[in-house]
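Thanks for coming. I will go through one structure, starting with its ligand and ending with a pair of helices.

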Amino acid sequence: MHYPVLCAEALEYLAIRPEGVYLDATAGLGGHTREIARRLATGLVIANDRDAESLEFARAHTLEFGGRVRLHQGTFSDLGAAVRAEGFERVNGLVADLGVSRYQLTEPHRGFSILTEGPVDMRMDQNQRMTAGDLVNSAAEKAIADWIYQLGEERRARRIARAIVRARPIRSTLHLAGVVERAVPRTGHLHPATRTFMALRMVVNDEQGELDRLLELGPGLVAAGGRMVVISFMSLEDRKVKEKFRTWGREGRAEVLTKRPVTPSQKEIQDNPASRSAKLRAVEMR
Ligand SMILES: C[S@@+](CC[C@H](N)C(=O)[O-])C[C@H]1O[C@@H](n2cnc3c(N)ncnc32)[C@H](O)[C@@H]1O
C-alpha cells in the first residue's frame, strides 16, 4: 500500500483546476501525480523524477489516468525543459515531495537501507557515477565527519568518520551500519547509523543543492495565480523553504499561504509513521 504524504493537504493548496497544467517535480511512485490526474478533465500533469525505476512505478500507478500524465526523467534543473517539451512556458501548480521514497529506502539493491544487505549505492539516478560507496571508501575523514555532522545533524560525527576510515574498504550497507553501530552506542529509538546514512544520501544526491535549484527555478515555472507546494522531511530543508517563501512574500513575488507548516494528522501518522516529520508549505505566485 502506498500512502502519498499530506496528499489531501497538497491537493487543497494546489487548488487543482480541471483544465490546468501541473508539475509534480518528484513523482516517485506516482501517488500525488495520480491524485492530481484524477481531478483533471482536459488538463495535464507533468510527472518528473530523476529515478527511472520509480518512474516505471509511477507509470503503473497512474495507468487509469495515463492520458493526463506525462513522465519525464530529470533533476530539478531539468524541470523547465520538461515543461517546454510539453509545449508550455509555465504551469498552474508545482508540487515537490522531497527526499527518497519508501521504495528507494527499503529496496536492498538501491543501497539506502541500514537493515538489509546491499551495495552502498544510494543514487536516486542510477546513471549518476558517484555512489555512497565511493564516498565512504575514498573521501577524507574530515569531509565525512563534516557531512555527518552538518547534514545528518549527528553530534558523534567525528568518531563515526574515524571508524569508517579504519574499516575501509566498506563492502556493503550492513557492513557500514555495523561499523557505525560499534563506534557509537545506541541512544534512543533511532538506529545509530540512521543519521550517517541520511547524510551520505544527501551528499550523493546533492539534495541541498537540488533544493536550492528548485527554489531558484520555481518562480519561473509557475504562472501568476499558480501555486507551489513543497513537502520536506528535514529541518534543514524546511528552513530553506520557509526562508525562501518569506523572501518572495516580502518582495511581492508571492503570497505565503501557510503561516505555519502544515503537518500530518494523528490519523495519517498512525497509518503511515514515515509521514511523522513531514512539513508542507505553500505559496501563490503573483
Ligand atoms: C518522497 S518521494 C516522492 C513520492 C511521491 N510524491 C509519491 O506520492 O509517490 C521523492 C522522490 O523524488 C525524487 N527526487 C528527489 N530529489 C529529486 C531531484 N532533485 N530531482 C528529481 N527527482 C528527485 C526521488 O527519486 C523520489 O522518487
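I begin with how to read the model, then turn to the ligand and the helix pair.

This is a predicted model, in which local features need pLDDT of at least 70, side-chain atom pairs count only at pLDDT 80 or more, and totals for chains, interfaces and linings use all residues. Residues are numbered from 1 along each chain as its sequence is written, and side-chain values use heavy atoms, with hydrogens and water left out.

Now some individual distances. A polar backbone atom of Leu29 is 2.9 Å from an oxygen atom of the ligand, and for a polar backbone atom of Ala27 the distance to a ligand oxygen is 3.4 Å. Gln104 places a polar side-chain atom 2.9 Å from an oxygen atom of the ligand.

Next, the helices, which are DSSP runs of H or I with at least four residues, numbered from the N terminus. Which residues of H9 meet H10? They are Thr173, Leu176, Ala177 and Val180, against Thr196, Phe197 and Leu200 in H10, with contact meaning heavy atoms within 4.5 Å. The residues of this contact are five nonpolar, two polar and no charged.

How values were computed
A polar contact is a pair of N or O atoms within 3.5 Å; within protein, one must be able to donate a hydrogen and the other to accept it, and residues adjacent in sequence count only if both atoms are side-chain atoms. Helices (H or I, at least four residues) and strands (E, at least two) are DSSP runs, numbered from the N terminus. Ala, Val, Leu, Ile, Met, Phe, Trp, Tyr, Cys and Pro count as nonpolar, Asp, Glu, Lys and Arg as charged, and the others, Gly among them, as polar.
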